[in-house]
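User: Could you take a close look at one helix for me, and walk me through what its geometry and surroundings show?

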Amino acid sequence: MRRDDISRLFIAHGNELQRFLERRMQCTEAASELTQEAFLRLVEREPHEIRNHRAYLYRIALNALSDVMALRRRHLVALHDISVLQRQMENASAEDHAISMETLRRLEDIIATLPDRQREVLRLHKIEGLKYSEIAARLGISKNTVMVHMVRALARCRDEVSRD
């Protein structure tokens, strides 16, 4: 699509699409980012003949929303796994505590091998207790990007720990 076509579509449907996404996400910032993502995906595609640009744009937005929701679900599972490990350590016998300490040492080694940005996001959230929006502001990245880094970091930690 040409740039003029995208501009016209954005003017015609951008605000409406963002409000649609806000109702589903309950977050203006995330809806704004997803609206931009939908238009970016539209630009990146070489679409065949589109009969209804508005409907096509909404389909792209819903697919992007589905991707974000799947990412959030994976993140919640990863957070749950780490919380379970922490609770197990609190209620552990001396032998179990030693095993858990070894697991934590292993986890520290795994964290040290994470890409810099993943390690930084994990540290800011888990150690400093910052919210995703605060991390995003501090690092100059979007909240969704923070979520992606967290999910990848936690998944790698979980996979590596369970591999042992």
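Analyst: Happy to! Buried means under 20% relative accessible area, exposed over 50% and partly exposed in between, with a 1.4 Å probe and protein chains only. By that cut-off His13 is buried, because its relative accessible area is 16%. This is a predicted model, in which local features need pLDDT of at least 70, side-chain atom pairs count only at pLDDT 80 or more, and totals for chains, interfaces and linings use all residues. Residues are numbered from 1 along each chain as its sequence is written, and side-chain values use heavy atoms, leaving out hydrogens and water.

His13 lies in helix 1; helices here are DSSP runs of H or I with at least four residues, numbered from the N terminus. Helix 1 covers residues 3–25, and although it has 23 residues, its end C-alpha atoms are only 28 Å apart, short of the 33 Å that a straight helix would reach. That expected span is 1.5 Å times one less than the number of residues.

Setting aside neighbours within four places in sequence, His13 is in contact with Arg54 and Leu57, where contact means heavy atoms within 4.5 Å.

After helix 1 comes Gln26, with a positive phi near 60 degrees.

Terms used: Helices (H or I, at least four residues) and strands (E, at least two) are DSSP runs, numbered from the N terminus.
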